[in-house]
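Me: I'd like to learn how to read a protein structure, one feature at a time. Could you walk me through this one?

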Amino acid sequence: MSETYQPGKNLTIDEGVCPYRGRVHFKVYMKNKPNKYGMKLYILSDPLNGYTLKFEIYSGKNDTDNSITALFDRLLSEYYYKGHTVYMDRFYTSPTVLKSLWEKNTYAVGTVMSNRRGLPKEIVKEKLKKGEMTFARQGPLICIKWKDTRDVLMLSTVHNADMTPVTVRSKIGPIEKFKPLAIVDYNLNKTGVDHGDQMVSYYPFQRKILKCFVLKKKTHQKTTLRNFIINLGQQLSEKAGKHTNNERVNPIESSNRLIGRHFITRIPSTPSKKNPRRVC
């Protein structure tokens, strides 16, 4: 893909699921995905159009190094040292990962878990009121904590602590509030993989297959499904009792076992039962 398409500055790394319910030891269940069962994918995409640039299948615990730094090296090796900005969620974000990308001239933005190693403890523990923000910087890395309906922790090597006005919906109508610029950019560019899933959903490759059998003798008369099944069963049972001259026939199976009461016949209705049935 890198030889035929050049993405913009922003890139997205996220997880996806290839729907599959067969028997493989690395099949996963992801409750937040539209297709919950399948093979887990690590996907690098362009958030501008949802194009998948590269992906890797998670094949379980094996000899492959599944650490975040090693995974990023495999996905981003062709995009290092070009000034790209990678947006990621809290599963991938940590100070170690962002510093590793910075050394390769690659920027990064992402939400982060509060228990990650290397985060400033005074920022993580600080109590904020709704709308307040605090931050700490270490070299190119900035840690931002902002209080909305809940605490939001961000790491970035691109942004500073600027706030920007945004219009949001509320019960009383549109209102204006201030958000950190890092969070606004993150919300805008984090949906690359979701955008790709949306585009794929417009051209589904999965089809429900209805297996049906067609009678040899086609009639132009309309028939019910019940009569169709009865006629089909009769023809299949008659065909099963026939052997060609070249076939080796088991003497035990060559007896005329498909005669008499084993054929499907209609049982006349009785005063108590309209459609009686009998065990064969």
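Reply: Gladly! Keep in mind that this is a predicted model. Let's begin with the aromatic rings: Tyr 42, Tyr 58, Phe 72, Phe 91 and Tyr 92 are linked into a cluster by ring pairs.

Me: How many aromatic pairs does the count come to?

Reply: The general idea is that two rings are described by the distance of their centres and the angle of their planes. Here the count comes to 8 aromatic pairs. One of them joins Tyr 80 and Tyr 81, edge-to-face, with 6.3 Å from centre to centre and 80° between the planes. Trp 102 and Tyr 107 also form an edge-to-face pair, at 5.6 Å centre to centre and 65° between the planes.

Me: Is Tyr 80 buried or exposed? And is Tyr 81 buried or exposed?

Reply: A residue counts as buried under 20% relative accessible area and as exposed over 50%. Tyr 80 has 10% relative accessibility, so Tyr 80 is buried. Tyr 81, at 57%, is exposed. In the other pair, Trp 102 is partly exposed at 37%, and Tyr 107 is partly exposed at 24%.

Me: Which charged residue sits over the ring of Tyr 80?

Reply: That is Lys 104, whose charged end lies 5.4 Å from the ring centre of Tyr 80. Tyr 58, a member of the ring cluster, has Lys 40 over its face, 5.4 Å from the ring centre.

Me: Now the inside. Which residues of the largest nonpolar core touch the most other members?

Reply: The general idea is that in soluble globular proteins, nonpolar side chains tend to be buried together. The largest nonpolar core here has 28 residues, and Ile 13, Phe 72, Leu 76, Met 88, Tyr 92 and Leu 101 touch the most other members. Two or more residues come from each of strand 1, strand 3, helix 1, strand 5, helix 2, strand 8 and strand 9. Helix 1 gives the largest share, 5 residues. Another core, of 11 residues, lies apart from it and includes Ile 142, Ile 144, Ile 183 and Tyr 186.

Me: What is Tyr 92 in contact with, leaving aside its neighbours within four places in sequence?

Reply: Tyr 92 contacts Ile 13, Asp 14, Glu 15, Tyr 42, Ile 68, Leu 71, Phe 72, Val 97 and Arg 116.

Me: Which residues of helix 1 are buried?

Reply: An α-helix has 3.6 residues a turn, so residues three or four places apart point the same way. In helix 1 (residues 68–76), the buried residues are Ile 68, Ala 70, Leu 71, Phe 72, Leu 75 and Leu 76. They pack against strand 1, strand 3, strand 4, strand 5 and helix 2.

Me: And how do I read a strand? How many of the residues of strand 9 are buried?

Reply: Look at burial and at the partners. In strand 9 (residues 151–156), 5 of the 6 residues are buried, so this strand is largely enclosed by the rest of the structure. Strand 8 pairs with strand 9 in the antiparallel sense over 6 bridges, with Lys 145 opposite Leu 153. A hairpin of 3 residues connects strand 8 to strand 9. Strand 6 also runs antiparallel to strand 9, joined by 3 bridges, and there Val 109 stands opposite Ser 156.

Me: Finally, what does the secondary structure of the protein chain come to?

Reply: The chain has 6 helices and 11 strands. Of its 280 residues, 34% are buried. Its accessible surface is about 20,200 Å², with 53% belonging to carbon and sulfur atoms.

Technical notes:
Residues numbered from 1 in each chain as written. Predicted model: local features only at pLDDT ≥ 70, side-chain atom pairs only at ≥ 80, totals over all residues. Heavy atoms only, no water. Buried < 20%, exposed > 50% of the residue type's maximum accessible area, 1.4 Å probe, protein only. Helix = DSSP H or I, 4+ residues; strand = E, 2+ residues; numbered from the N terminus. Pairing = 2+ DSSP bridges. Contact = heavy atoms within 4.5 Å. Phe/Tyr/Trp six-rings, centres within 6.5 Å; stacked < 30°, edge-to-face > 60°. Lys NZ or Arg CZ within 6 Å of the ring centre and 35° of its normal. Core = buried A, V, L, I, M, F, W, Y, C linked by side-chain atoms within 4.5 Å. Areas by Shrake-Rupley, 256 points an atom, 1.4 Å probe, with all protein chains shown as cover.
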